[in-house]
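Here is a friendly set of questions and answers to read beside the coordinates. Shall we take a look?

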Amino acid sequence: MNVAIIGASGYTGLELIKILINHPKFDITYIANSSGEETLEELHPCLKDVLNVKVQKADAKEISKVADLAFLALPHKTSMAFAKELLELGVKVVDLSADYRLELETYEKHYCPHEDKEHINEAVYGLPEYYKKELKEAKLVANPGCYPTASLLALLPFVDFIEEKTPIFIDAKSGVSGAGKKLSETSHFVHLNENIHAYNPFKHRHMPEIQEKVKLVKSKEFQINFVPHLLPITRGMLVSVYATLKDEIDVEKILEESYKNSKFVRIRKTPVDIKSTAGTNFCDIFVARNGKALFVNSSIDNLLRGASSQAVVNANLMCGFEEDEGIPKIAYVP
Ligand SMILES: NC(=O)C1=CN([C@@H]2O[C@H](COP(=O)(O)OP(=O)(O)OC[C@H]3O[C@@H](n4cnc5c(N)ncnc54)[C@H](OP(=O)(O)O)[C@@H]3O)[C@@H](O)[C@H]2O)C=CC1
Ligand SMILES: CC(=O)N[C@@H](CCC(=O)OP(=O)(O)O)C(=O)O
C-alpha cells in the first residue's frame, strides 16, 4: 500500500516517516511540505543515509497518482483544503489536524468557518478503542488531539459511574513538541527551562473536543473543566482526572474490564510516568479512589499516541491490516 506524508518537515511528519520506514505493509511514495525546495536530509539531518525520497511541494493531483492513502500532518485550516481534493480523487485520508474532529457547529465556534462541509460528517474519530468498527470502513479519519486522546482514554471507562452534578476536572501537562516546530515566546528555551505553568485554563480548544466525545460515546453531558500545562521537556503528556463517583465502586476492576482487549492501553498498579510511554503508542493508566473521590492518571507520547503512531494504527485499520503492524512499543528508557 503506497502512502504520502504531507507536512513532512514538521514534528509529527518526521514521526510518521520514522514509523513508516519500518512498516511491513506501507511504502512511502510521496513526501511534501509547503515549498518542496529542500532535500529530506536538509529538513531532517537525522534521516541522512536512512531514507532518500524527494521532497515535493504538496499537490493533491500528484499524490493521487502515486499513493492510496495520505497522512496530513498540517496545521488546522490548511488540512481541509487538501483533504477535500484528495477524497474527491479517491485517496484515503488520515488527518492529524483538528479539521474533521468535531461536529460542524462546534468546529466553527472554536476554529473557523469550515471549507469542506461535504466530508465533515463522514469523518471517523480516530480513537481506536472506541471507534474500531467504524475505522475499518473509513475513507477519512480525524486523528484525535493529543490532550483528548490521553483524557478520553482515562475518563470514558468511568463516565457511567460519575456523579453528574459535580464537575470533572482534567489537569493535563504536555511536552513542548505539542506546539509544533514554530517558535513562540512560550516555547523559547529561556522561558521554558526549569519552569512550568498552566495556559488557556477552561478556554483551550480541546475542552469542547473532550466534552463532545463523552457525549457521543456515552450519551452523557458533563461539565468538563480542562486545564493544560506546559512542561519543560520535549515529548510526553501526563493527565490527571479528578471526579466524584456516585458509589464506592471497584475502580480497578472497571478499568481492567474496559481495556481487556486493547493492545495499546496498559493498566498500571502505580501512578504513571512519561518516560514509560515515550517512543511508543501505549497509553498507560492508573486509577485510585478515596471514598467517592476518583483519580485517574494517564500518560502518552504526545507525538506518537497523541498524533503519528495513532494515525498509523488508524491507517492499519482502514486498510484491513492488524492494528499493531509496524507500531512502536519499546519506550525511550532510560
Ligand atoms: N505536535 C503534536 O504533538 C501534535 C500535533 N497535532 C496536529 O498535527 C498537525 C501537525 O503538527 P506538527 O507536526 O506539530 O506541526 P509543525 O508546525 O511541526 O509542522 C507543520 C507542517 O505543515 C507543513 N505545512 C504548512 N502549510 C503547508 C502547506 N500549505 N502545504 C504543505 N505543507 C504545509 C509545514 O511545512 P513547512 O515546513 O514547509 O512550513 C510543516 O511540515 C497540526 O494540525 C497539529 O495540531 C496533533 C496532535 C499532537
Ligand atoms: C503544548 C501545546 O501547545 N500543545 C498544543 C496541542 C497539540 C495537539 O494535539 O493538538 P492539535 O492537533 O489540536 O493542535 C496546544 O495546546 O495547542
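Q: How do the residues of the shell around ligand 2 divide into nonpolar, polar and charged?

A: This is a predicted model, where local features need pLDDT of at least 70, side-chain atom pairs count only at pLDDT 80 or more, and totals for chains, interfaces and linings use all residues. Residues are numbered from 1 along each chain as its sequence is written, and chains are lettered from A and ligands numbered from 1 in the order in which they are written. The shell (C-beta atom, placed from the backbone, within 6 Å) includes Ser-97, Cys-146, Pro-228 and Gly-306. With Ala, Val, Leu, Ile, Met, Phe, Trp, Tyr, Cys and Pro as nonpolar, Asp, Glu, Lys and Arg as charged, and the others, Gly among them, as polar, the shell has 5 nonpolar, 5 polar and no charged residues.

Q: Which residue is the bridge partner of Ile-168 in β10?

A: Strand β8 (168-174) pairs with β10 (224-230) in the parallel sense, over 7 bridges. In β10, the partner of Ile-168 is Ile-224.

Conventions:
Two strands pair if DSSP finds at least two bridges between them. Helices (H or I, at least four residues) and strands (E, at least two) are DSSP runs, numbered from the N terminus.
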